[in-house]
Amino acid sequence: MQSRRSAQVADMYRRHAASVYRRACALLGNEADAREVLQDLFVSLLERPEQFAGGSSLQTFLYSATTHACLNRLRNQRNRARLLGERTDPEEKHAPHEGDALVHVREVLRQMPNDLAQVAVYYFVDGLSHQEIAELMGCSRRRVGNLVERATVWGRSQEEPCSAQ
Amino acid sequence: MFSAVRRERSSSCISDMRFDAWFGGELNATEIEALGQHLSDCGHCRTRKLQILRERVRFDLENPALPEWLTSFDARRPTPKRRTTLLISGLCAAAAALFLALPQAPSIRTKGAAHLSFYVKRGENVHRGRLRERLIAGDKLRFAYTALRPHYLAILSLDGAGHASAYYPAGTHAAWIDAGADVLLPSAVELDESVGEERIIGLFCDGAVQVAPLLAALEAKQIDLQKPDGCTLDELVVVKQAHTP
């Protein structure tokens with residue numbers, strides 16, 4: 001017999017795995033890492049079901065957990081490359097259909113403070129409204145607006161300066 | 001930099017998170033109806049809905065079972081009593097962002113009676129099934145349903161040779177489904193070599209009706225299924241053809 005817990009997680013997986021995977025692919029830019037995030041997330045639900053206490057909707061929990069997992073993975077990739085003395089190559093692993101914009105965004109997300117990186121993912125990559133982000137992050141819309149503004153400024157500061165003609 | 005990746009949409013448009021909640025069965029009937037009303041007026045959201053649905057269908061069709069790490073979790077747990085795991089057909093992994101050219105968006109039917117829809121995977125292509133869709137052996141079908149309230153659902157078929165079978169659920173009784181629109185069912189069906197017109201009947205019931213008597217009734221009468229009390233019925237017809245390479 002399947003335990004109640006694994007049956008519940010199997011049901012969650014059946015209903016939400018595709019959206020977790022789609023977002024992870026978009027954020028990480030490659031399928032192998034996205035699969036690992038998908039697996040890590042649902043295995044952690046099997047091992048520690050208390051982390052989703054039902055205080056928010058399952059969808060909200062999964063969006064937030066996926067974002068954290070992907071941002072951690074992006075930062076770890078950067079740290080690993082730095083420790084090994086490698087250069088993180090933005091062209092290395094991204095899916096072939098992607099434009100340069102998302103590749104550069106990923107590079108900036110690796111370096112941003114966590115709250116700015118989260119809001120940048122929700123607002124720019126997911127295209128969510130301030131209200132939706134406020135619900136995801138558990139803060140006010142005003143705070144979200146402020147974070148979006150700071151993330152925008154941060155992103156601009158990372159753009160390569162135009163060459164003076 | 002960031003603004004280059006944000007998909008612009010009007011403030012009333014449906015976000016991906018909302019679509020995901022919808023397709024994940026997280027919304028109630030009132031919320032679904034509101035989305036349906038918006039979709040009837042918004043081509044942008046209809047297109048995005050189809051994109052997300054196609055990604056979900058492809059994800060599911062390419063990986064027809066739950067992954068091993070999930071199904072074997074109980075067996076691996078260090079509990080005193082080892083348990084065998086029950087395989088539930090379902091989804092899996094695969095399918096990066098595929099922003100393919102989309103077919104014309106079909107009309108959205110979120111009002112009215114509960115009904116079935118289906119997707120067809122042939123080779124690498126996935127498309128939404130149409131009425132009297134012509135199918136060949138090896139095509140994989142994935143069913144979805146739209147229902148404004150929870151039901152028990154059974155999907156039966158009567159093939160051209162008069163043989164009845166159950167596509168859903170795998171068990172002996174109709175299975176509980178939540179309210180939702182275009183909610184994909186967990187398993188895909190691969191078509192066999194039989195040819196001819198096939199009726200696919202979705203029974204949306206108030207109770208967990210037994211499947212076997214329904215199959216017997218379907219086979220015996222060949223044409224009309226005796227609709228059990230408390231059930232509404234939706235019927236699709238597909239045409240299975242011999243494969244001509």
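Modeller: Before we start, two strands are taken to pair if DSSP finds at least two bridges between them, while helices (H or I, at least four residues) and strands (E, at least two) are DSSP runs numbered from the N terminus. This is a predicted model, in which local features need pLDDT of at least 70 and side-chain atom pairs count only at pLDDT 80 or more, whereas totals for chains, interfaces and linings use all residues. Residues are numbered from 1 along each chain as its sequence is written, chains are lettered from A and ligands numbered from 1 in the order in which they are written, and side-chain values use heavy atoms, with hydrogens and water left out.

Colleague: OK, what is the strand order in the open sheet of chain B?

Modeller: The open sheet has four strands in the order 2-1-4-8, with antiparallel pairing.

Colleague: And which are the edge strands?

Modeller: They are strand 2 (125-128) and strand 8 (180-190) of chain B, each of which pairs on one side only. From one strand to the next, the twist averages 25°, with axes being lines fitted to C-alpha atoms, for helices over the stretch in contact, and angles running from 0 to 180 degrees between N-to-C directions.

Colleague: How many bridges join strand 1 and strand 2 of chain B?

Modeller: Strand 1 (residues 115-122) and strand 2 of chain B pair over four bridges in the antiparallel sense, and Arg122(B) has Asn125(B) in strand 2 as its bridge partner.

Colleague: Changing topic, how many disulfides does the structure hold over all chains?

Modeller: There is one disulfide over all chains, a disulfide being a pair of cysteine sulfur atoms within 2.5 Å. Cys205(B) and Cys231(B) form it, with their sulfur atoms 2.0 Å apart, and the link is right-handed, with 110° about the S-S bond. Cys205(B) lies in strand 9 (residues 196-205) of chain B and Cys231(B) in strand 10 (residues 231-241) of chain B, so the pair ties together parts that are 26 residues apart in sequence.

Colleague: Are Cys205(B) and Cys231(B) buried or exposed?

Modeller: Both Cys205(B) and Cys231(B) are buried, where buried means under 20% relative accessible area, exposed over 50% and partly exposed in between (1.4 Å probe, protein chains only).

Colleague: What about Cys42(B), where is the nearest cysteine sulfur?

Modeller: Cys42(B) is in no disulfide, and the nearest cysteine sulfur, that of Cys45(B), is 3.6 Å away. At 11% relative accessibility, Cys42(B) counts as buried.
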